[in-house]
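Dear colleague,

My notes on it follow directly after.

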Amino acid sequence: MICLGALRRSSLTGSKVTYRFLSAATLESEATTETPEPSLPSVGEEQKNRIRLLCSRYTPVRHRLDLPFSEYATFKYKIKLWKKVAACGGYMFGLFGGVQVSPLIMPQIMTGEPVQMFGIEGLDPMFVGVAGTVVVSILCAWASFAAYPTVRLTMSGAEVKSSYLERERDLNRRLNAYRCTEQAEVGHADDYYGDKIRDLTDYRYWVRVQQIKHESAAKLREAKLFQFKNEK
């Protein structure tokens with residue numbers, strides 16, 4: 001009688017190895033039987049958009065954002081820095097343009113004859129030209145400062161722009177959810193809008209500070225309520 005089977009090592013204790021005999025039928029059943037993998041429910045694009053819409057109304061989004069927070073914080077810091085540079089460049093451009101255009105618009109600047117503006121006579125043309133140049137320079141600086149973020153994001157591409165704006169909306173919702181708005185807890189030196197947040201460590205510290213302020217404000221309200229009841 002031929003017995004088909006195999007020996008399989010079942011345990012190892014010290015230097016002694018124990019084997020158990022497996023029949024051919026058992027080996028064949030183990031080879032053909034596969035453990036089925038658990039199937040995950042499929043989520044369509046419509047369901048994903050609905051989840052994003054519901055999550056973006058009141059609470060931060062729950063899906064994974066494409067732009068990492070570290071890259072977002074770095075990009076945001078660069079935009080803030082270059083906004084100031086763009087404002088300085090716009091001011092210098094307005095100043096240079098005003099100096100070049102003012103004599104063409106107002107020839108009295110070269111002759112020194114008094115000018116009349118807004119019903120006022122005897123105005124110094126040099127003063128009017130300088131004032132107009134300064135106003136134009138300030139307007140150019142403000143326009144450059146306000147337009148730089150939009151121009152910078154547009155030049156970065158549609159994908160980068162959408163990822164950046166989505167991450168910014170998510171961060172703003174989180175900041176609004178944790179921000180302490182009690183008048184007694186808000187100071188001039190506080191990072192009220194979270195402008196100093198550069199990474200996740202700064203964000204956690206900012207949230208902890210806001211939680212402490214909420215706790216302090218709650219204790220203050222309880223103390224006032226207790227004092228009000230005692231006065232009655």
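**Findings**

Gln210 is in contact (heavy atoms within 4.5 Å) with Tyr178, Arg179 and Cys180, once its neighbours within four places in sequence are left aside. Gln210 is found in helix H7, and it counts as buried because its relative accessible area is 4%. Throughout this message, buried means under 20% relative accessible area, exposed over 50%, and partly exposed in between, computed with a 1.4 Å probe on protein chains only. Helices (H or I, at least four residues) and strands (E, at least two) are DSSP runs, numbered from the N terminus.

Please note that this is a predicted model, in which local features need pLDDT of at least 70 and side-chain atom pairs count only at pLDDT 80 or more, while totals for chains, interfaces and linings use all residues. Residues are numbered from 1 along each chain as its sequence is written, and side-chain values use heavy atoms, with hydrogens and water left out.

**Overall arrangement**

The protein has seven helices and four strands, and their order along the sequence is β-β-α-α-α-α-β-β-α-α-α. Of its 232 residues, 21% are buried. Among the contacts with a separation of 6 or more, 53% join residues 24 or more positions apart.

**Helix H5**

Helix H5 covers residues 125-156, which is 32 residues. From its first C-alpha to its last it reaches 45 Å, close to the expected 46 Å; the expected span of a helix is 1.5 Å times one less than its number of residues. H5 has a kink of about 40 degrees at Ala147, shortly before the proline Pro149. The bend at a residue is the angle between axes fitted to the seven residues ending there and the seven starting there. Just after the helix, Gly157 takes a positive phi of about 110 degrees.

The buried residues of H5 are Pro125, Val128, Gly129, Thr133, Ser137, Ala141 and Leu153. Their cover includes helix H3 (69-105), helix H4 (108-111), strand S3 (115-117), strand S4 (120-123) and helix H6 (158-178).

Phe145 also lies in H5 and is partly exposed, since its relative accessible area is 34%. Apart from neighbours within four places in sequence, Phe145 is in contact with Lys83, Lys84 and Ala87. The C-alpha atoms of Phe145 and Lys83 are 5.1 Å apart, although the two residues are 62 apart in sequence.

A nonpolar core is a set of buried Ala, Val, Leu, Ile, Met, Phe, Trp, Tyr and Cys residues joined through side-chain atoms within 4.5 Å. The largest one has 13 residues, of which Tyr72, Tyr164, Leu171, Leu175, Ile197 and Tyr203 touch the most other members. H3, H6 and helix H7 (200-231) are the elements that give two or more residues to this core, and H3 provides the largest share, four residues. Leu175 touches Tyr193, Gly194, Ile197, Tyr203 and Trp206, not counting residues up to four places away in sequence.

**Aromatic pairs**

Rings of Phe, Tyr and Trp (its six-membered ring) pair if their centres lie within 6.5 Å; planes under 30 degrees apart count as stacked, over 60 as edge-to-face and the rest as tilted. By this rule there are five aromatic pairs. The rings of Phe69 and Tyr203 have centres 6.5 Å apart and planes at 55 degrees, so this pair is tilted. Because Phe69 lies in helix H3 and Tyr203 in helix H7, the pair ties together parts that are 134 residues apart in sequence. Both Phe69 and Tyr203 are buried.

Tyr72 and Tyr164 form a tilted pair, with 5.2 Å centre to centre and 45 degrees between the planes. Tyr72 is in helix H3 and Tyr164 in helix H6, so this pair ties together parts 92 residues apart in sequence. Tyr72 and Tyr164 are both buried. Ring pairs link Phe69, Tyr72, Phe75, Tyr164 and Tyr203 into a cluster.

**Cysteines**

With a disulfide taken as a pair of cysteine sulfur atoms within 2.5 Å, the count is zero. Cys88 counts as exposed, at 52% relative accessibility, whereas Cys180 is buried, with a relative accessible area of 2%.

Yours sincerely
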